[in-house]
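Visitor: I would like to learn how to read a model of this kind, one feature at a time. Where do we begin?

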Amino acid sequence: MTYEPIWGSIIAWYLFLAGLGAGAFATSAFLSWRHPEAVTMRKIGHLIAPIAVGIGLVLLMVDAEAGFANPQRFFLLLGNFGSVMSWGVVFLSVFMVVALAALVLDFLKRPVPGWLENAGAVLALCVAVYTGALLGVCQTFPLWNNALLPILFLVSALSTGAASVLATSIIRHGEEFNRVGVLKKFHFCLPIIELLLVMSLLFITQSNSEAGWASVMALVSGKYALAFWLGLVFVGLVGPTILEVWLLFFSAKEFEESRLAHWLSFLSDAGVMVGGFLLRYLIVVAALPLPVAVPLF
Amino acid sequence: MTRYGMLIDTTNCIGCFACRTACQRQNGLAANIDYIRYEDRETGTFPNVGFEVIPIQCMHCEDAPCVSVCPTGASYIDETGTVRVDEQKCIGCKYCMAACPYLVRVHNPETGAVEKCKFCAAESFEGRGETCSCVEACVTGCRIFGDLDDPDSDLNKAIAERNALPIAGDRTKAKIFYVR
Ligand code: SF4
Ligand code: SF4
């Protein structure tokens with residue numbers, strides 16, 4: 001039997017954008033706590049969050065063809081609270097309301113109250129974890145059916161979200177970018193944690209079943225190897241880590257605050273985002289099912 | 001209570017695919033959609049070799065993962081224990097396809113909804129209509145349909161006599177039993 005992935009790049013974009021939007025809001029909340037003076041960056045996060053999640057939701061609806069053709073059916077989505085997807089719909093809708101409220105307050109030049117920022121941050125975490133749990137409960141696929149995936153998607157969501165805020169701020173607000181050292185240090189750690197999580201996921205999955213082994217092999221030496229090593233590992237994780245180690249710890253302060261260094265940082269953030277998408281895409285398409293009657297591999 | 005189930009004796013299956021063809025005709029399916037798929041393999045060692053063909057379709061699981069993940073309630077278990085999809089409710093998110101361990105759900109590109117075996121064999125079993133389901137179409141009589149809750153049913157007797165088992169262990173309390 002040949003197996004075709006059930007979901008493809010549209011769902012990968014959705015998982016990526018939902019995570020990125022959630023991460024961007026969490027970054028804003030972090031900024032208001034540790035860098036209250038970084039007002040513009042905070043607003044950038046508030047702007048990215050609903051846009052990214054909104055685009056993701058549209059993609060999700062387009063992929064759900066029967067619902068797209070009969071939109072009234074989407075009201076049924078709260079029909080089964082045993083389903084992770086129903087929970088996701090709740091998290092996503094409440095998150096969207098909070099993110100849009102923050103955005104409107106920013107536009108009206110009114111302060112965003114701390115409780116709203118915190119509520120949004122908690123919801124952002126729920127959204128990010130949900131994107132992993134969504135796949136995680138599918139017992140058929142060893143690459144998904146484990147407790148690491150929600151954590152991995154959470155870390156990647158925070159990392160891509162922070163990268164989107166940092167990269168956007170570099171374009172026109174270099175001086176503010178120079179002043180958010182704590183955020184940058186946190187952001188620098190995330191790809192390293194993510195790398196550890198990806199490696200743990202692969203190590204454990206390859207050992208738990210033939211299907212797990214085959215999925216991991218498809219990633220590390222099979223048909224997804226180029227995207228995995230070059231795209232995810234190098235461009236998305238190791239490259240940004242090397243650039244940031246150098247910029248944060250081994251370059252002179254004058255250089256770190258120069259425009260050239262800013263654009264190098266931009267490059268590293270862009271890499272993080274490319275890696276974030278590839279992570280979702282590869283996990284979605286590389287997962288192979290457990291055998292039913294006859295061993296598949 | 002009625003709890004429908006089926007036995008498939010693959011030792012008699014010749015791999016003619018008549019069940020799939022009958023199913024497609026009975027359910028008005030396009031040629032590229034099938035509720036029955038097949039797994040096969042060579043068995044034994046030379047010179048005593050054989051070829052095993054195993055028809056696989058919805059197992060009408062009692063612990064149905066497709067039902068527990070379906071966000072809209074479109075997938076449900078009816079009073080006869082048959083797992084169904086209400087196509088008027090389905091949004092086509094394909095979550096059930098990812099959750100089904102037997103990979104038997106199909107996405108209908110025309111309606112966008114997800115479909116699968118409906119146990120239409122129940123209709124002629126109950127005398128409700130003329131069907132030519134997989135059960136009637138099988139040229140070697142591999143399939144027995146019946147009520148698992150009726151201890152005297154042909155189905156239960158055959159399951160006991162032939163020692164039939166679910167295809168992949170008791171992962172989901174499947175209600176199709178196989179003789180291999
Ligand atoms: S075989 Fe698949 S589609 Fe049928 S009830 Fe079980 S999980 Fe659902
Ligand atoms: S595709 Fe339809 S039946 Fe399957 S989980 Fe989604 S809404 Fe339910």
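Visitor: What percentage of the contacts in chain B with a separation of 6 or more is accounted for by residues 24 or more positions apart?

Guide: Keep in mind that this is a predicted model. In chain B the share is 57%. For chain A, among contacts between residues at least 6 apart in sequence, 77% join residues at least 24 apart.

Visitor: How many helices and strands are there in chain A?

Guide: Chain A has 12 helices and 0 strands. Its pattern along the sequence reads α-α-α-α-α-α-α-α-α-α-α-α. Chain B, by contrast, comes to 6 helices and 10 strands.

Visitor: How compact is chain B, judged by its radius of gyration?

Guide: The idea is to set the radius of gyration beside the value that the globule rule gives for the number of residues. For the 180 residues of chain B the rule gives 16 Å and the model has 16 Å, so chain B is as compact as a globular protein of that length. Its C-alpha trace spans about 50 × 35 × 35 Å along the principal axes. With the 297 residues of chain A, a compact globule would have a radius near 19 Å, and the 20 Å of chain A agrees with that. The C-alpha trace of chain A spans about 65 × 50 × 25 Å along its principal axes.

Visitor: How far apart are the mean positions of the positive and negative charges of chain A?

Guide: They are 8 Å apart, for 14 positive and 15 negative charges. Chain B has 19 positive and 25 negative side chains, and the centres of these two sets lie 4 Å apart.

Visitor: Which residues are buried in helix α6 of chain B?

Guide: In this helix, residues 154-162, they are Leu155(B), Asn156(B), Ala158(B) and Ile159(B). Just after α6(B), Asn163(B) takes a positive phi of about 55°.

Visitor: Is Gly56(A) buried or exposed?

Guide: Gly56(A) is buried, its relative accessible area being 0%. It sits in helix α2 (residues 39-63) of chain A. Apart from neighbours within four places in sequence, Gly56(A) is in contact with Tyr14(A) and Leu17(A). A C-alpha distance can be read in the same way: Gly56(A) and Leu148(A), 92 residues apart along the chain, are separated by 23 Å.

Visitor: What does His262(A) touch, not counting residues up to four places away in sequence?

Guide: The partners of His262(A) are Ile170(A), Gly174(A), Phe177(A), Asn178(A), Glu256(A) and Glu257(A). His262(A) lies in helix α12 (residues 259-286) of chain A, and it is buried with a relative accessible area of 2%.

Terms used. Residues numbered from 1 in each chain as written. Chains lettered and ligands numbered in written order. Predicted model: local features only at pLDDT ≥ 70, side-chain atom pairs only at ≥ 80, totals over all residues. Heavy atoms only, no water. Helix = DSSP H or I, 4+ residues; strand = E, 2+ residues; numbered from the N terminus. Rg over C-alpha atoms; globule rule 2.2 N^0.38 Å. Contact = heavy atoms within 4.5 Å. Lys, Arg positive; Asp, Glu negative; His and termini not counted. Charge placed at Lys NZ, Arg CZ, Asp CG, Glu CD. Buried < 20%, exposed > 50% of the residue type's maximum accessible area, 1.4 Å probe, protein only.
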